[in-house]
Amino acid sequence: MPDPKQLKVNDRVRFVSLPEEWDNPKFTVHASCVRFMKQLIQRKYSSQIHELDENGFPLIEARIRTGKVIVYHGWCIFEETGWVKVQPRKKK
C-alpha cells in the first residue's frame, strides 16, 4: 500500500475508491467527508499535492461546483488506500 508521506508537493493523485480504513467499525467518518470523497472519485482528472502539513502528510485543495456555486475544500491524505499516484506523461 502506498505511504501518503512519500508524496511530494506537485505530485498528482487520483482518488479511485473510498478508503478501506473507513470500513473499520471503530472509525467514524462524517457524512460530508464521504460526500466530498465521492465527488473526488467521480472527477475525470487528478488532484495536485498543494503542500505538506507539519507532520509531512500531503494536502490537496479542490474546487467543487454545487449548482452555480463553487466551494473550496482542503483535504489531507492520511489513508493508505483509496488513491493512486498518477505517473506523469512522457514528453515526446
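By class, the lining of the largest pocket divides into 4 nonpolar, 4 polar and 4 charged residues, where Ala, Val, Leu, Ile, Met, Phe, Trp, Tyr, Cys and Pro count as nonpolar, Asp, Glu, Lys and Arg as charged, and the others, Gly among them, as polar. Before I go on, this is a predicted model, in which local features need pLDDT of at least 70 and side-chain atom pairs count only at pLDDT 80 or more, while totals for chains, interfaces and linings use all residues. Residues are numbered from 1 along each chain as its sequence is written, and side-chain values use heavy atoms, with hydrogens and water left out.

The largest pocket has a volume of about 280 Å³; a pocket here is an open set of points on a 1 Å grid, where a 1.4 Å probe fits, with protein on both sides within 12 Å along at least five of seven lines, and lining residues have an atom within 4 Å of a point. The largest share of that lining, 4 residues, comes from β2, a strand being a DSSP run (E) of at least two residues.

Ser 47, one of the lining residues of the largest pocket, sits in strand β2, residues 47-52. With a relative accessibility of 4%, Ser 47 counts as buried, that is, under 20% relative accessible area with a 1.4 Å probe and protein chains only. Leaving aside residues up to four places away in sequence, Ser 47 touches Asp 11, Arg 12, Val 13, Phe 15, Leu 40 and Ile 60, contact meaning heavy atoms within 4.5 Å.

How values were computed. Buried < 20%, exposed > 50% of the residue type's maximum accessible area, 1.4 Å probe, protein only. Points joined across faces, edges and corners; volume = space filled by probe spheres on them.
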